[in-house]
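Below is a briefing on one protein model, grouped by topic. Please read it alongside the sequence and the coordinates.

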Amino acid sequence: MNQTGEEVQSDRPNYYTLLGLHPWASVIDIRRAYREMSKHYHPDTTELPAQVATAKFQQINEAYATLSNPERRLSYDLKIGYYRFGVIPSPTNFNDSIPKPHDYSKSMYLEASDRPLSSGELFILLVLGLTIIGCLILVILVAVIRGEPGFSIDL
């Protein structure tokens, strides 16, 4: 709002409308919308002019960065006047200047790296582990055959 009380529209769209979502969208919906929009507006894959595509792609990245981070999303929601639980709660103690941290371990939010490994990733880790163990065995075997002083075996 400006000084006369009229609402001022910013030139930047709401992050939710930019991604085509509603403010109560889940993290999975946000990620899905971001991937779809980024494929559509990526400067290398779109037929839009390069400047338009780059600007739109940057806005989409900024929206996703804000909405995928729980703390940034909460502050953004409060900034636009949206509160997920209906009513913005009043502080219980006005004299308490230190806010209590929110426990995000019970949250529905997932980090991009916080997901179970797929079967292909587990297989690759298994192959990598077996390769490392095989290399160690091979090094020890070569050392024994060459008669290195630390690896001599008396039979």
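**Briefing**

Pro 13 sits in the segment before helix H1 (15–19). The model is predicted: local features need pLDDT of at least 70, side-chain atom pairs count only at pLDDT 80 or more, and totals for chains, interfaces and linings use all residues. Residues are numbered from 1 along each chain as its sequence is written, and side-chain values use heavy atoms, with hydrogens and water left out.

**Overall fold**

- The protein chain has 5 helices and 0 strands, where helices (H or I, at least four residues) and strands (E, at least two) are DSSP runs numbered from the N terminus.
- Along the sequence, the pattern of the protein chain is α-α-α-α-α.
- Of the 155 residues in the protein chain, 20% are buried; buried means under 20% relative accessible area, exposed over 50%, and partly exposed in between, with a 1.4 Å probe and protein chains only.

**Pro 13**

- Pro 13 is partly exposed, at 34% relative accessibility.
- Pro 13 and Ala 63 are 50 residues apart along the chain, and their C-alpha atoms are separated by 9.8 Å.

**Packing of H2 and H3**

- Helix H2 (residues 27–41) packs with helix H3 (residues 50–68) at an angle of about 165 degrees, the axes being 10 Å apart.
- H2 is therefore roughly antiparallel to H3 (angles under 35 degrees count as roughly parallel, over 145 as roughly antiparallel, 65 to 115 as roughly perpendicular, and the rest as oblique).
- Axes are lines fitted to C-alpha atoms, for helices over the stretch in contact, and angles run from 0 to 180 degrees between N-to-C directions.
- The crossing of H2 past H3 is left-handed, meaning the near helix is turned anticlockwise from the far one by less than a right angle; clockwise would be right-handed.

**Salt bridge**

- The structure holds 1 salt bridge, defined as a side-chain nitrogen of Lys or Arg within 4 Å of a carboxyl oxygen of Asp or Glu.
- Asp 29 pairs with Arg 32 in a salt bridge, with the closest N and O atoms 3.7 Å apart.
- Both Asp 29 and Arg 32 lie in helix H2, 3 residues apart, about one turn of the helix.
- Asp 29 is partly exposed at 33% relative accessible area, whereas Arg 32 is exposed at 52%.

**Nonpolar surface patch**

- Leu 117, Leu 122, Leu 125, Leu 128, Ile 132 and Leu 136 form a nonpolar patch on the surface, together giving about 580 Å² of accessible area.
- Leu 128 lies in helix H5 (residues 119–146) and is partly exposed, at 48% relative accessibility.
- Patches are made of residues with over 30% relative accessible area and no salt bridge; like charges are joined within 9 Å, and nonpolar side chains (Val, Leu, Ile, Met, Phe, Trp, Tyr) within 5 Å.
- Accessible areas come from the Shrake-Rupley method with a 1.4 Å probe, and for residues only the protein chains shown count as cover.
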